[in-house]
Amino acid sequence: LAVCAGQVQGADDEHADGDLLENLNQEEDESQRILIVYLLAKILSKVRHRDFYASSCKQVLPVLISLLPSSEASNRRKIIIALGWIGSISEIEILGQHLLTDQDPLCRAWSASSLMQLSFHQVEKEVLMEKMKDLFSEAITEEKDLQACALMIEAAQVLFGKKWIPTSAVENLEVEKIEKARKSAIRFIKK
């Protein structure tokens with residue numbers, strides 16, 4: 001982690017940042033590579049105010065995307081979360097695809113959360129809301145996993161500035177409140 005932090009903070013020097021990514025490509029263990037790039041994205045998310053933020057994100061994003069097809073759900077979750085921290089408008093489609101089609105319910109849920117996270121970072125909230133209305137509506141409507149559905153609704157309510165579900169209902173998986181929130185969210189988003 002310290003090496004990553006030093007590399008990111010020295011990212012004004014493109015050669016130093018390139019060395020880190022080259023070393024990452026030489027790492028044979030996929031889980032290790034994913035953990036490193038996940039931590040790098042986490043560090044970048046904390047230094048958005050720095051001059052090197054945008055250029056470093058552009059260098060790290062292709063690595064993240066190249067690792068996304070991992071067969072291991074826990075690895076995909078990390079990559080999806082990291083995309084929310086440093087992604088741009090270009091990653092909306094990738095996250096939307098995982099929101100609707102990923103086999104792992106938590107990957108679908110984290111895709112919704114990452115889409116919401118983009119609005120805090122590099123994507124204007126209004127642009128994201130317009131692009132995601134149909135996808136959020138479809139995902140919330142079709143989701144069979146109660147926890148994933150609750151997390152999607154929670155992400156949508158933050159993005160759209162509404163209050164459909166209390167955090168306690170999400171944490172405790174309160175079926176009636178989640179189903180009521182699902183109906184309210186779908187009704188609002190489809191307007």
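1. Fold content. The chain has eleven helices and zero strands. From the N terminus on, the order of elements is α-α-α-α-α-α-α-α-α-α-α. Note that this is a predicted model.

2. Burial and surface. The chain has 191 residues, and 48% of them count as buried.

3. Geometry of H6 and H7. Helix H6 spans residues 92–101, and helix H7 spans residues 105–118. The two pack at an angle of about 150°, and their axes lie 7 Å apart. Angles over 145 degrees count as roughly antiparallel, so H6 is roughly antiparallel to H7. Their crossing is left-handed.

4. Residues at the H6–H7 contact. H6 contributes Ile-92, Leu-95, Gly-96, His-98, Leu-99 and Leu-100. From H7 come Arg-108, Ser-111, Ala-112, Ser-114, Leu-115 and Leu-118. By class, the contact of H6 with H7 holds seven nonpolar, four polar and one charged residues.

5. Backbone at Leu-173. Leu-173 deserves a look. Its phi is near 50°, a positive value in a residue other than glycine. Leu-173 sits in the loop between helix H10 (167–171) and helix H11 (175–189). Is Leu-173 buried, exposed or partly exposed? Its relative accessible area is 36%, so Leu-173 is partly exposed.

Notes
Residues numbered from 1 in each chain as written. Predicted model: local features only at pLDDT ≥ 70, side-chain atom pairs only at ≥ 80, totals over all residues. Heavy atoms only, no water. Axes fitted to C-alpha atoms, helices over the stretch in contact; angles between N-to-C directions. Helix = DSSP H or I, 4+ residues; strand = E, 2+ residues; numbered from the N terminus. Parallel < 35°, antiparallel > 145°, perpendicular 65-115°, else oblique. Left-handed = near helix turned anticlockwise from the far one by under 90°. Contact = heavy atoms within 4.5 Å. Nonpolar A, V, L, I, M, F, W, Y, C, P; charged D, E, K, R; others polar. Buried < 20%, exposed > 50% of the residue type's maximum accessible area, 1.4 Å probe, protein only.
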